[in-house]
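Subject: Structure for your files

Hello,

Here is the structure I said I would pass on. The sequence and the coordinates come first, and my notes on what was found follow below.

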Amino acid sequence: MVISIIGSRGYPYVYSGYETFVKELSERLVKKGYRVRVYCHKNLFTEKPKQVNGIELVYIPTIETKSLSQLIHSFLSMWHACTTGSDIILAVNAANGPWGIISKIYRKPTLINVDGMEWLRPKWKGLGAKYFKFAAWLSTKLYDRIITDAEAMRQVYLDLFQKDSTVIAYGASLRYSQDPSLINRFNLAPQEYYLIVGRLIPDNNSHLLLEGFLQSNSNKKLVIVGDVPYQDEYAQSMKAKASDRVIFLGYINNPNELAELYHHCFAYLHGHAFGGTNPTLLKAMAYGCAILAIDTPFSREMLQNGIFGLLFQQTPQAVAQLMQRAEQNDALINELRLHAREGIGLRYQWDHVTEAYISVFKVLKQHGQESLQQIHTH
């Protein structure tokens, strides 16, 4: 069975949740005997091997524009995948909903991982928000199977588009501290800082977490990992509040350094509000962090209604109060750290995620063969 994956930047280019998902799934599928073809953004790769770790790589060009390069790339990738012997096509990102019309024409079995509620994110306003909602709706019409990564996201698609979906969560790998000294270069001490990881955009509510921290009068530090790769008023307004207590580290490209920052924080602060299963929150669980998270249906589902993390309402005052409570209750924070990894369970393990996708592939392949037989019979 040839599985073609479109909609990410490619492999082994690990940049965000989509690329990590493609990497973890593809490598496991190859080990199980599947042929996997990943479509890559041609301009992102200086070297272009045809195969890496058994995964076939197809480099497709695109027109470089901030908002359209991914869509154009996915459009061309879908055409290529449909005309070059794919058995199953897996698309990531609901923005690629319209391209399901191509696979319909070629009668290729398809599934799409729609991710979060992009149309609600402050990043996309006006036309962008309308497009994402339209594309999500088209996904429910043109693809054979919709994949949501959380039960709460399944409910969103049922309520908004009257379309059921298969829930397959995102995965995480358990990790333990290997070199605590790696945080020394940031002049940090274990358990003496809160950690935020994510781009400096309104969607992630970093401003709310920062304001809450400042109101709390905590004697700990706030460490913020992440940035935006362009000049931005929102990001600049946050960075203007940098001090000896509020530390902006920008992007950290060394995964071991980033992991140790997770392992040794007093608590991980999570403000993402528009997604399903959030990769950074999963990582915080898998790395054994005490977690303070914004109270959304998605956070509740992942943290099992507060068993594996504490929840706060979307106000700086609520953040401040929860920080004060946490700092006055070492036993509670230690308990959260001790049991955080248990929250990963079977559901969020990559091997389990892979088996769930394989089950869907087999059903789609069977349906595709039956449809072709019916066509030949008529």
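**What was found**

Please keep in mind that this is a predicted model. The notes go from the whole chain to single residues.

**Overall**

The protein chain contains 13 helices and 14 strands. Its radius of gyration is 21 Å, close to the 21 Å that the globule rule gives for 378 residues, so the chain is as compact as a globular protein of that length. Along the principal axes, the C-alpha atoms fill a box of roughly 75 × 40 × 40 Å. Of the 378 residues, 53% count as buried. The accessible surface comes to about 17000 Å², and carbon and sulfur atoms account for 53% of that area. Taking contacts between residues at least 6 apart in sequence, 69% join residues at least 24 apart.

**The core**

The largest nonpolar core has 62 residues, and within it Leu195 and Tyr357 touch the most other members. Helix α13 gives the largest share of this core, seven residues. If neighbours within four places in sequence are left aside, leucine 195 is in contact with Val223, Val225, Leu261, Tyr262, Cys265, Ala267, Tyr268 and Leu269.

Histidine 264 sits in the loop between α8 (255–263) and β12 (267–270). Is histidine 264 buried or exposed? Its relative accessibility is 11%, and buried means under 20%, so histidine 264 counts as buried. Not counting residues up to four places away in sequence, histidine 264 touches Ser177, Pro180, Ile183, Pro190, Gln191 and Tyr193. Valine 22 is 242 residues from histidine 264 in sequence, and the two C-alpha atoms are 29 Å apart in space.

**Salt bridges**

How many salt bridges does a search of the whole structure find? The search finds 18. One of them pairs glutamate 355 with lysine 32, with 2.7 Å between the closest N and O atoms. This pair links distant parts of the chain: glutamate 355 lies in helix α13 (residues 350–377) and lysine 32 in the loop between α1 (17–31) and β2 (35–41), 323 residues apart. Both ends are partly exposed, glutamate 355 at 37% relative accessibility and lysine 32 at 45%.

A salt bridge also joins the side chains of arginine 121 and glutamate 118, at 2.8 Å from N to O. Here both residues are buried. Arginine 300 forms a salt bridge with aspartate 295, and the closest N and O atoms are 2.8 Å apart. In that pair, arginine 300 is partly exposed with a relative accessible area of 32%, and aspartate 295 counts as partly exposed at 22%. Finally, Glu24, Arg28 and Asp351 are linked in a network of salt bridges.

Phe75, Leu76, Trp79, Ile101, Ile105 and Tyr106 make a nonpolar surface patch of about 520 Å². At least two residues of the patch come from each of α2 (69–83) and α3 (100–106). Phenylalanine 75 is found in helix α2. Its relative accessible area is 31%, which makes phenylalanine 75 partly exposed.

Regards

Note on methods. Residues are numbered from 1 along each chain as its sequence is written. This is a predicted model: local features need pLDDT of at least 70, side-chain atom pairs count only at pLDDT 80 or more; totals for chains, interfaces and linings use all residues. Side-chain values use heavy atoms; hydrogens and water are left out. A salt bridge is a side-chain nitrogen of Lys or Arg within 4 Å of a carboxyl oxygen of Asp or Glu. Helices (H or I, at least four residues) and strands (E, at least two) are DSSP runs, numbered from the N terminus. Buried means under 20% relative accessible area, exposed over 50%, partly exposed in between (1.4 Å probe, protein chains only). Patches are made of residues with over 30% relative accessible area and no salt bridge: like charges are joined within 9 Å, nonpolar side chains (Val, Leu, Ile, Met, Phe, Trp, Tyr) within 5 Å. Accessible areas come from the Shrake-Rupley method with a 1.4 Å probe; for residues, only the protein chains shown count as cover. A nonpolar core is a set of buried Ala, Val, Leu, Ile, Met, Phe, Trp, Tyr and Cys residues joined through side-chain atoms within 4.5 Å. Contact means heavy atoms within 4.5 Å. The radius of gyration is taken over C-alpha atoms; the globule rule is 2.2 Å times the number of residues to the power 0.38.
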